[in-house]
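Here is a friendly briefing to read alongside the model. Have the sequence and the 3D view open as you go.

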Amino acid sequence: MQGLEWLIAVVAMIAVSVALVALGIVFGRLGILTASLVKHWAKTLVLLFTDLVRFVGGIVVGVVLLPVSLGRLVIMRPKPALEALKSSGRETLIALKSLCSAAFLRPMQILGLGALATHVATRLRIALGEQPETRATPAEFVGYTILRELARGGSGARLFVAEPDNKTRRRLKFPSGFVVIKSFDFDDGTQAAEMLREGRALDAARKLGLVLDHEASERRFHYVMRYYEGIDLGRFVRSMHEAAGDEGLDRERLVLVGSLVRDIVATLRDWHDAGLWHKDIKPENAIVHEGRATLVDLGLVTPLASHMTLTTHGTEYFRDPELVRQALRGARVSEVDAARFDLYGAGAVLYFALEGTFPAHGVLSSFKKKSPACLQWIARRAMADFDRRYRDAEEMLADLDRALLGWDPAAVRPADLPSMGGGGETETQTEEQAFLAKTMPKEPTPRTDVAPALRPPDGRLLERPRVEVTDWWTGAYSVVSVRPLPPSLADSQRRGLGVAVAVMVAALGALGIVIYIWLWNEGIVDLPWS
Amino acid sequence: MGTIPTMHQVDTAFLRRLRSRDEQAWFELWEAFGPVVRGTLARWGNGRLGEETLRDLTQDTLVALSDSIDRFDPQRGVRFSTWLLAIAKHVLGDEMDRRYAQKRGGGKRGASLDDEWMGEARVPQPDDEYERRVMAAKVHAAIRSTQKRSEFVHFEAYRMRVLESKQGREIGELLGVSEPTVTRHCQRVREALRTELAVAIEQWSYTDDERSEPGRAGLADDDAAFDDALGEIWRAQEELIARDIAARDEARRRAGPGGGGRART
């Protein structure tokens, strides 16, 4: 073959490959779309069938009640007769509404006009003299479908995993995923003090952008947050230690659990910067999801500037003894550097991650299993006496980064940690962090939209700031880092058919041109302008 | 080589703080001996006492201690450990009476804390393990106190030397300092430990026999023996508490789902 033919063959192969990949993506997406549509249709058909059953039932009961009413009138009992007549009317109305729904609303929903159908239904209810549904019944939340209930937390609140409907998703700008609804209801036994505390926590969580939605009424209030389907760090770490045996975790697992603790400390740094104190750091309050640890349970979150007296709430072995001491002294939150109490908890969690058990003796707890000296050092430093521990989460974070950066914490000595003034890489790291600080939004942002990262996530990501192009047409990019990403990222991550179809069309076009050139080269066709 | 100084003024001062309901003093007492009381009650309960009951009884012991502190006379020659044990036993006995009364259909018998059990007549006989635990609790309190007072790096150097049996050179390498510096760090911490140990022993000892316990345990000897003895007590105390915790976790597991985690308080 001649040079031009080779070129044509190579270009043709590339174009075919790209077209095939794009075709695969398109079919895959179409498959997902079809499955969603089928699911939607099936759901709507079930509702249609329910409407029809309700219609038939309503008509039957309405008709049966008519002779009952007549009979009562005959035996001179006008009041019960009227009641039966009213009931008959109500049943007939239900039957008519069901018929209306089956004949009009459901077909609209099948056609994908659900929002319009809901609007019509609401207007119809108003037209029929009914009040539109403004307050949900217990364990029902307008705009959400409850999927299951979780075990109650320490605050006594009810926790529901729910799926927002399309309208709510658009309102919340929450395109995918599930939510968790934390509901406090006096009728469910919630105490006023708990409500008050949670109200404070809600304010704090809103400040951090963690709350997607909230609503309060006379007897109940609830708030909505993103739901992370995962297991808690406690279970995760225990299972790793069970698998590893008495020898302790191997290097890969150590880096992984270290990175998870780092996620917690990074979150604490942002919370503390926002003037908030979590107050209940423990493995069970971190959810491991796609290789990242997310801090949950806002039940005890308190503003660092609060003038309230310290309380001893918290969890045994993860609660700083100094907190108890200060609480007994009657100190106010604003009088102490309460953020450091969280650091104790973070140190205890790191100890737990390395040992698989909690630090029964606080900072004096020994390490029985084999683990890197630098990680042991960090755990102890965080749990040290109040005045001797890390000044803030940033300092602890810098040490953790140094320990995890090289993927081999055993090779890092305590002397190499930045808090010890060690490590030649400190300057480089500072540059990297400065770059991150410059490119990432400064204000605390919610962790709700953190992009899934490869495991172990953080140490590697911090080696060099990684840039991810978000729009190839405009050249827009964002820096992928361990820092919480802005909420807008989730929208940009939405997947559609557009790009895949465009790539496929372009590839097919390129293929067409190549074939045409080949045909021209073979003398089968002429150039259009020749 | 060092000796434990006698500091009778310390114990009376601490008693005074307890009597004046100084929260800090009570917290110190609880921090040091709470685990001992809980462990002892658990051993006496022989698995029959649930986690909640144990916690309640431990707190009841503290309350009883608080009630009787005004009447306690350290001059009677009762060991601190015996006094503490007597109160815990009294609380447990009261709980048993209450349970029997409930079985019989009666109400709770009113608890009476007379001074009788401070005398020799009804003194419960503490076993060796209990005495070891109390002694270890005092040493542990001293270690805690030293840790608070010492520079973090100094204390860690000492810990590596005593608990992890690391050589000075190895510690120096880890901390980025020379071997003589490590030795100086360790010496500082050791001196602080001796002082704190003397305070802790005096604070919670009311008989000469109790005061001489550290000497018998090797804590009054030369530096090497002191380190060995301290390391041994430190490790033993950790093991005792680890055993208690394992037993508690086992009890929680037996109690069924939801009992495995540590509850928020």
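At what angle do helix α9 and helix α10 of chain A pack, and how far apart are their axes? Helix α9 of chain A (residues 339–355) packs against helix α10 of chain A (residues 373–383) at an angle of about 150°, and their axes are 7 Å apart. This is a predicted model, in which local features need pLDDT of at least 70 and side-chain atom pairs count only at pLDDT 80 or more, while totals for chains, interfaces and linings use all residues. Residues are numbered from 1 along each chain as its sequence is written, and chains are lettered from A and ligands numbered from 1 in the order in which they are written.

- Axes here are lines fitted to C-alpha atoms, for helices over the stretch in contact, with angles from 0 to 180 degrees between N-to-C directions.
- Helices (H or I, at least four residues) and strands (E, at least two) are DSSP runs, numbered from the N terminus.
- α9(A) and α10(A) are therefore roughly antiparallel to each other, a label for angles over 145 degrees, with under 35 counted as roughly parallel, 65 to 115 as roughly perpendicular and the rest as oblique.
- The contact joins A:Leu343, A:Tyr344, A:Ala346, A:Gly347, A:Ala348, A:Leu350, A:Tyr351 and A:Leu354 of α9(A) to A:Leu375, A:Gln376, A:Ile378, A:Ala379, A:Ala382 and A:Met383 of α10(A); two residues are in contact if their C-beta atoms, placed from the backbone, lie within 7 Å.
- By class, this α9(A)–α10(A) contact has 12 nonpolar residues, 2 polar and no charged (nonpolar: Ala, Val, Leu, Ile, Met, Phe, Trp, Tyr, Cys and Pro; charged: Asp, Glu, Lys and Arg; polar: the others, Gly among them).
- α10(A) also meets helix α11 of chain A (residues 393–405), with axes that come within 10 Å and cross at roughly 170°.
- α10(A) and α11(A) are therefore roughly antiparallel to each other as well.
- Here A:Cys374, A:Leu375, A:Ile378 and A:Ala382 of α10(A) touch A:Met396, A:Asp399, A:Leu400 and A:Ala403 of α11(A).
- The α10(A)–α11(A) contact residues divide into 7 nonpolar, no polar and 1 charged.

**A residue to look up**

- A:Thr267 sits in helix α7 of chain A (residues 251–273).
- A:Thr267 counts as buried because it has 25 C-beta neighbours inside 10 Å; the cut-offs are 20 or more for buried, 12 or fewer for exposed and partly exposed in between, with C-beta atoms placed from the backbone.
- A:Thr267 and A:Ala293 lie 26 residues apart in sequence and 9.4 Å apart in space, C-alpha to C-alpha.

**Where the chains meet**

- Chain A gives 29 residues to the contact and chain B gives 22.
- α8 (321–329) and α10 of chain A each supply at least two residues of the side that touches chain B.
- The largest share of that side, 5 residues, comes from α8(A).
- The side of chain A that touches chain B has 12 nonpolar, 7 polar and 10 charged residues.

**Chain B and confidence**

- Chain B has 11 helices and 0 strands.
- Of its 265 residues, 35% count as buried.
- The mean pLDDT of chain B is 75, with 76% of its residues at 70 or more; pLDDT is the predictor's confidence in each residue, from 0 to 100.
- Residues 1–10 of chain B have pLDDT below 50, and residues 107–124 of chain B stay under 50.
- Where pLDDT is low, the predicted coordinates should not be read in detail.
- The model scores ipTM 0.73 and pTM 0.62.
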